[in-house]
Amino acid sequence: MDSLLKHMVDMTGHRDHTMLDISVISAVQELAAAAQTRVLALTTVRGQVFVRSRAIIGADSPARMEEHPDSGLPGEPISSFPALAACIERREASADMICADGRQMLWLPIWIGDKADTCLEITNPTPYDGATIQVIGGIVSVYRNFQNLLDYSERDSLTGLLNRKTFDDQLAKILHANSELDNHKLPGEEERRHPGESEKQWLAVVDVDHFKLVNDKFGHLYGDEVLILIANLLQSSFRTQDRIFRFGGEEFVVLLRSIDLDNAQKIIDRFRTNVEAHDFPQVGRVTVSVGFVSLNAFEAPVIILGRADQALYYAKSHGRNLACHYDELVASGQLQAVAANDTAEFF
C-alpha cells in the first residue's frame, strides 16, 4: 500500500506528459512485476491508425522515452496488433493475447471521451490474477484523469497540438538543459563527441500560405478543417521525439531534437511536400512556408524565434511553399543578420 501511494503521489506531482509517462510505466512495472511496460502513441493518418512506442521500461532496465530512427512512417499499422485493433474498434477497456512463447500481452487504451491516443502495453510471463488487474486498473484511472487535466492546460482545443504556453515552458527547459550541458563539458569533449557536423536541436516556424483566402472563399468551418488536417500531417511527418505546437491562427512551431542539418531539412521538406500533395476537402491544394534555425543555448528565445521568423518571411516573400534555413540565407547574402525581426508576428 505504501508503494502504491508513493507512485500515485509521484504521478500526480508532474506537470508535463513526458514525466507522467515515465511515472506510470514505473508504477506498473513495480506493482505488477511486469517483464516490460510501454506507453504506446496511437496516431491516425488518412483514416489509418499507427502505433509507436513512446516510453518503455523493462525488468532490468530503467524507464526511458523512446527515440526512433527517422523512417518517414508514423509507426507500425495497428493491423500488426490485431487484438488491440479489435479493442479500439469496439471501444473496449482492455485487450489481451497469449503469445506463442506463453507470455501474456495486455493492452489498456486510455479513453478520453470516445478517443484513445495513448495505450499502456504490459508484457508478463503469465496472466495476472484479479487483485493485480485491479491495482493496474486503478493506476490507469489516475493516469487517464491526470493526462486529461494536462491536455486541458497544455493543448490547443481545435487541433489537439501543444499550445503556446507549453512551447514557452519547453523551449526554456531545452535551452537551460543545453546550457548546463555545455557548461560541464571538459576541454576537447565537443570535438571527441562530434567529429563531423554536430547534431543540433532546431526550431521551425510553419505558416499556412494564403490562409485568409481559404477563410474568405470557403468559410471558417473549412478553414478549421484545413488547420486540423495540417496538424495531422505535422504529427505524421515529424518524429515521435519532436514536439509540435500551435501558436494560434495558421501558425505552428516544431522543435526538432538531436539531428544534423541535412536530416532536419529532409524532414521539414517531407512535411512541406506532404501538405502540397494532400487533397483538402472542398479547398483542394494548400501549401505551407517554413523558416527554421538551430537552437543556441546562450541566446534568448525571442532572438531564436525572430531568426526563424525572418527565414519564414523570406520564404513567404519569395514564392511561398518553401522551407528556408536562416543561417544558409545569411551565409549566402540573401538575408541580413539582425538581432530581431521587425516583421515577426510572435511578439
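The largest pocket holds about 1,400 Å³ of space. A pocket here is an open set of points on a 1 Å grid over the protein atoms alone, where a 1.4 Å probe fits, with protein on both sides within 12 Å along at least five of seven lines; lining residues have an atom within 4 Å of a point. The volume is the space filled by probe spheres set on the points, which are joined across faces, edges and corners. The lining counts 48 residues, and those closest to the pocket centre are Asp117, Arg155, Gly160, Leu161 and Gln235.

The model is predicted: local features need pLDDT of at least 70 and side-chain atom pairs pLDDT 80 or more, while totals for chains, interfaces and linings use all residues. Residues are numbered from 1 along each chain as its sequence is written, and side-chain values use heavy atoms, without hydrogens and water.

Among the elements that each supply at least two lining residues are α2, α4, β9 (243-248) and α8 (220-237). The largest share of the lining comes from α8, with six residues. Helices (H or I, at least four residues) and strands (E, at least two) are DSSP runs, numbered from the N terminus.

Two helix pairs are compared below. Axes are lines fitted to C-alpha atoms over the stretch in contact, and angles run from 0 to 180 degrees between N-to-C directions.

| Helix pair | Angle | Axis separation |
|---|---|---|
| α2 (residues 17-31) and α4 (residues 130-154) | about 180° | 11 Å |
| α7 (residues 211-218) and α8 | about 140° | 7 Å |

The angle makes α7 oblique to α8. Phe211, Val214, Asn215 and Phe218 of α7 meet residues of α8 including Tyr222 and Val226. This contact of α7 with α8 has six nonpolar, three polar and no charged residues.

An open sheet of five strands has the order β9-β10-β8-β11-β12, with mixed pairing. Strands pair if DSSP finds at least two bridges between them. Strands β9 and β12 (323-325) are the edges. Five bridges join β9 to β10 (residues 251-259), and the two run antiparallel. Helix α8 lies across β8, β9, β10 and β11, at about 0° to β10.

Note on methods: Contact means heavy atoms within 4.5 Å. Angles under 35 degrees count as roughly parallel, over 145 as roughly antiparallel, 65 to 115 as roughly perpendicular and the rest as oblique. Ala, Val, Leu, Ile, Met, Phe, Trp, Tyr, Cys and Pro count as nonpolar, Asp, Glu, Lys and Arg as charged, and the others, Gly among them, as polar.
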